[in-house]
Amino acid sequence: MANISTNTIATFPPVEKCNSIGRENHTVVADMDGTLLVGRSSFPYFALIAFEVGGFLRLLFFLLASPLAAILYYFVSESAGIQVLIFASMAGMRLSSIESVARAVLPKFYSGDLHPETWRVFSSCGRRYVLTANPRVMVEPFLKEMLGADIVLGTELESYKGRATGFVCKPGVLVGKNKADVLKKTFGDEKPDIGLGDRFTDAPFMSLCKEAYIVPPKPQVKAVTSEKLPKPIIFHDGRLVQKPTPLNALLTLLWIPLGFPLACLRIAAGSLLPMPLVYYAFWALGVRVTIKGTPPPPANKSSGQSGVLFICSHRTLLDPIFLSTALGRPIPAVTYSVSRLSEIISPIKTVRLSRDRATDASMIKKLLQEGDLAICPEGTTCREPFLLRFSALFAELTDELVPVAMVNRMSMFHGTTARGWKGMDPFYFFMNPSPAYEVTFLNKLPKDLTCGSGGKMSIDVANYIQRLIAATLSYECTNFTRKDKYKALAGNDGTVPLHKNPILKANKLMGC
């Protein structure tokens, strides 16, 4: 991005000198990139739009167009460079898809780059405005929901039949004089109390404020830590783990031709080899599986012993696969919904839940009579160090309960999605250069803490196991559910339509 001129720095004091006490009735107007955010480039966020909506080929096109954007930005005009980024990343896309990514994906990355000094001043003011060159539809969900912005004034995208044309509406990209004109139109004769910017093209709008402060470029500034964010990021979507800087985006594209065949090989090894050999095959193929604790022995069917119910925290749909890998034997699992592709490639047997309490209870009891069983009572996955509310049904069905703390590590791709096609989840997980799973077996629940022998309430047993797993992983317990996640990320309640055939049959599915 453009450098701040010496004259601009001399005109406006640095933001560190802005007093944030007693600002409850004041109005602040802040730029975004380089001001509210530490990073001064919007490239990673446009790259996320390109990849999450358009896929690998769109990201490649965007990356190829970025040198032209940089040349225009630095040597012609800031507005022209941003226009190229908008066209390369958004032309032809549905506005609803852009809005979906802006709501479910971008806040995670934006919140990891929040400038501490700007946030100190911005959060102290009673009325908060953001004036940015970025498309409004792209930044508004984060600014309003996470930072409490009242009004977001950004570049407006031109559209045709619900799709972005790649061009912008008049007056064009909000840079320089355009920012000042929009500010005048919004406030009229009133002057905002504080203006915050980071470059010489912000000077026109900053000069219209009663007080103005510059945010000097300091790469060493550390962003606001997750503990100090205005709201915790519990749910987020998207496939990319790291922010796609130009280098990261290039490495991702170069890795895909290697990573996808490797993922297919890893999946084939897990599906075709006998389960006792899968652990060693995974290690040979770069998949790390760490086992902690002492797993219980298999149920003795000849003695009529009921199977053990493994209560797993839910990180990806592969949790039951890695549980089986750690035990060296296939463990059936109950699941809510998976794709048809996952059914075909799965090495374990699972059964769909019907959402009818009596039917599901009868099915689980029957499966436990046949042997051990795995269940993920959260009902959906969570990427962050939080556990969702545990459904209590499992606690009523058996006293043979073994909590299992599952945690995984991915360096390039997330193996879960709420918005995309779930059939690709295992492929994305195994496309990571060296994915890892840690399976921790906790002690079997004492009889006096169960419903049958101990007389405990099922909700108390479920909450106890949730707290036990959370303490093991250093996670935080929440009361959020599957509905909360899908409402936040996909705009629906996550309900899967019931099949016409009410009879539940065991299927080979990938995870739960």
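**Exercise 1. The largest pocket**

Find which strand and helices each supply at least two residues of the lining of the largest pocket in this predicted model.

*Solution.* 
- Step 1. Strand S10 (333-335), helix H15 (357-370) and helix H18 (482-489) each supply at least two residues of that lining.
- Step 2. Look for the top contributor. H18 gives the most, with four residues.
- Step 3. The largest pocket holds about 1000 Å³ of space.
- Step 4. Go to the centre. Of the 41 lining residues, Tyr-336, Pro-377, Glu-378, Gly-379 and Arg-482 are the closest to it.
- Step 5. Sort the lining by class. It has 16 nonpolar, 13 polar and twelve charged residues.

**Exercise 2. The largest cavity**

Describe the largest cavity by its volume, its lining residues and the elements that supply them.

*Solution.* 
- Step 1. Count the cavities. There are three of 30 Å³ or more.
- Step 2. Take the largest. Its volume is about 130 Å³.
- Step 3. Turn to its lining. There are 19 residues, and Asp-33, Glu-78, Ile-82, Ala-133 and Arg-199 lie nearest the centre.
- Step 4. Assign elements. H3, helix H4 (78-90) and strand S2 (127-135) give two or more residues to this lining. S2 has the largest share, three residues.
- Step 5. Sort by class. The lining of the largest cavity has seven nonpolar, five polar and seven charged residues.

**Exercise 3. The second largest cavity**

State the volume of the second largest cavity and name residues that line it.

*Solution.* 
- Step 1. The volume is about 70 Å³.
- Step 2. Walk along the chain. The lining includes Ile-234, Phe-235, His-236 and Asp-237. Further on, Thr-381, Cys-382 and Arg-383 line the second largest cavity, as do Thr-416, Thr-417 and Ala-418. Lys-485 and Leu-489 also belong to the lining.
- Step 3. Sort by class. This lining has five nonpolar, four polar and three charged residues.

**Exercise 4. Two packed helices**

Describe how H3 and H5 pack, and name the residues that meet.

*Solution.* 
- Step 1. Two packed helices are described by the angle between their axes and the distance between the axes.
- Step 2. Apply them. Helix H3 (residues 43-75) and helix H5 (residues 95-104) pack at an angle of about 120 degrees, and their axes are 10 Å apart.
- Step 3. The crossing of H3 and H5 is right-handed.
- Step 4. Name the partners. From H3 come Leu-48, Ile-49, Glu-52 and Val-53; from H5 come Ser-97, Ile-98 and Val-101.
- Step 5. Sort the contact residues of H3 and H5. Five are nonpolar, one is polar and one is charged.

**Exercise 5. An aromatic pair**

Classify the pair of Phe-282 and Phe-322 and say what it ties together.

*Solution.* 
- Step 1. The structure holds 22 aromatic pairs.
- Step 2. Check this one. Phe-282 and Phe-322 are 5.5 Å apart centre to centre, with 35 degrees between the planes.
- Step 3. Compare with the cut-offs. Planes under 30 degrees apart count as stacked, and over 60 as edge-to-face. The pair of Phe-282 and Phe-322 is tilted.
- Step 4. Phe-282 lies in helix H12 (residues 275-284) and Phe-322 in helix H13 (residues 319-327), so the pair ties together parts 40 residues apart in sequence.

How values were computed:
Residues are numbered from 1 along each chain as its sequence is written. This is a predicted model: local features need pLDDT of at least 70, side-chain atom pairs count only at pLDDT 80 or more; totals for chains, interfaces and linings use all residues. Side-chain values use heavy atoms; hydrogens and water are left out. Axes are lines fitted to C-alpha atoms, for helices over the stretch in contact, and angles run from 0 to 180 degrees between N-to-C directions. A crossing is left-handed if the near helix is turned anticlockwise from the far one by less than a right angle, and right-handed if clockwise. Contact means heavy atoms within 4.5 Å. Ala, Val, Leu, Ile, Met, Phe, Trp, Tyr, Cys and Pro count as nonpolar, Asp, Glu, Lys and Arg as charged, and the others, Gly among them, as polar. On a 1 Å grid over the protein atoms alone, a cavity is a set of points where a 1.4 Å probe fits but cannot get out, and a pocket is an open set with protein on both sides within 12 Å along at least five of seven lines; lining residues have an atom within 4 Å of a point. Grid points are joined across faces, edges and corners, and a volume is the space filled by probe spheres set on the points. Rings of Phe, Tyr and Trp (its six-membered ring) pair if their centres lie within 6.5 Å; planes under 30 degrees apart count as stacked, over 60 as edge-to-face and the rest as tilted.
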